[in-house]
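Welcome! Take a moment to look over the sequence and the 3D view below, and then we will walk through a few places together.

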Amino acid sequence: MSEFERLRSDRARIRRSFTNIGKKIDAVLTVGRELTDGDLNELTSLFQLLTVRNDELVGKDSDYLEMLELDEAKEKELNAEQDKKCYCFHSGACKIFEESPDPILIDGGFSTELSRHINERIDGHPLWTARFLITDKEACISAHRGFIKAGAKIIRTNSYQASADGFIKHMGVPSAEAIKPIVDSVAFCRKAMELENNSDVIIGGSIGPIGALRGDGSEYSGKYCNDLTPQEYMCLHRHRVDALVNSGVKLLCFETIPCSSEALALVELLKQYPNVRAWVSFSCRNDHQISNGEIFAKVAAQCWKEGKDQLVAVGVNCMDPYWVSTLFKELKNLDSTVPFVAYPNSGERYDTVIKEWVQGENKKVIADYVQEWLEMGIKYVGGCCRNSSNEIKDIGAVINKWKEVNRS
Ligand SMILES: [Zn+2]
């Protein structure tokens, strides 16, 4: 092995080991695992190796620079490959953010669609639909395919309730593999697109609130919102955002957020991923307030102000569709420039005590409201819980009819 090759292979080894050590440190931060003596020994020997190599490299700058250049060129090549593979650049679908004058159809409630493909109860388990990332890959792919067939232009990953901690605690996944199901959630969307032969779809990386990870329904009350600092929010969410973005996701969906403190922390975290776009969507308790009682319009306008370079919209999801028009109207009155996203549930309410959906006052389906929202200028519209691909198809039909009338 030549000196040059030896340097290269050392460098590759150092890089690999640092990545592994980085993952271990991440595991310490996110799931509380401690660094073992082995980890620390590895770290020490790497630093020693680095110091020795550094000394050897003194006076051999040209070799070293050449090596760096080679690696940078290789890296560029790899990145270009990655971009080509990315659904977004490959299909040009990302352009719809900037170019489409029309409202864009989002998918519906993943658990509702998934329940058509499995024979067990989804609600009531701490990981909710995320456990099927491990136990029933085929059903996950079929559920995404259902929404693509229905015409959805944005399909969201099944990662709303997914976290490394959750997979370790509730599924017995070893900590070294605890990120994999989140990575798989993107792969399943891609597979569905491939099987439907439709590359003109954007994958939205779903990031549910901390309340969803707790599995106690607190995303609908926001009762944890005063207990966490922005840094704590970012720390808890970071590994999920990392996993989705590293898998090629270019749009993140921060959804069912119950309070401004979590939304603003997520907007701050987003800034660390400058090539990624996102929407922030709140859960609401009525047609005026988000789940923790703050005023929707005020909070939404604040998020937009803080994050408009990367946000594609701010809005609401998983609440009664009957409330959408008023929420939208109040936001427009405060700041008419904010693009609006809405994907309500069926109007039923999730009872956190009996862990069942119970009928609310709303008796209409989402499609009945969509015309009004379109006239108000909604940008992204779809469904949340209790809305399957059937309802998404119905919403799509209203959008198409509206486009015919307004664009002819
Ligand atoms: Zn929902």
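Which residues do ring pairs link into a cluster? They are Phe282, Phe296, Phe328 and Phe340.

## About the model

This is a predicted model, in which local features need pLDDT of at least 70 and side-chain atom pairs count only at pLDDT 80 or more, while totals for chains, interfaces and linings use all residues. Residues are numbered from 1 along each chain as its sequence is written, and side-chain values use heavy atoms, with hydrogens and water left out.

## Aromatic pairs

The structure holds seven aromatic pairs. Rings of Phe, Tyr and Trp (its six-membered ring) pair if their centres lie within 6.5 Å; planes under 30 degrees apart count as stacked, over 60 as edge-to-face and the rest as tilted. Among the pairs is the edge-to-face one of phenylalanine 282 and phenylalanine 296, with 6.2 Å from centre to centre and 75° between the planes. Phenylalanine 282 belongs to strand S5 (residues 277-282) and phenylalanine 296 to helix H14 (residues 296-307), so this pair ties together parts that are 14 residues apart in sequence. Helices (H or I, at least four residues) and strands (E, at least two) are DSSP runs, numbered from the N terminus.

Phenylalanine 282 is buried, at a relative accessible area of 0%; buried means under 20% relative accessible area, exposed over 50% and partly exposed in between (1.4 Å probe, protein chains only). Phenylalanine 296 is buried as well, at 1%.

## A lysine over a ring

Look next at phenylalanine 328: lysine 332 lies over its face, at 5.3 Å from the ring centre. A charge sits over a ring if NZ of Lys or CZ of Arg is within 6 Å of the ring centre and within 35 degrees of the ring normal. Likewise, the charged end of lysine 364 sits over the ring of tyrosine 369, 4.7 Å from its centre.

## The zinc site

Cys318, Cys384 and Cys385 coordinate the zinc ion through their SG atoms, at 2.2 to 2.3 Å. Donors are N, O and S atoms within 2.8 Å of the metal (3.2 Å for Na, K and Ca); water is not among the atoms, so sites may look incomplete. Cysteine 318 and cysteine 385 are both buried.

## Strand S3 and its partners

Strand S3 (residues 202-207) is mostly covered, with six of its six residues buried. S3 pairs in the parallel sense with strand S2 (residues 154-156) over three bridges, and with strand S4 (residues 251-257) over four bridges, also in the parallel sense. Two strands pair if DSSP finds at least two bridges between them.
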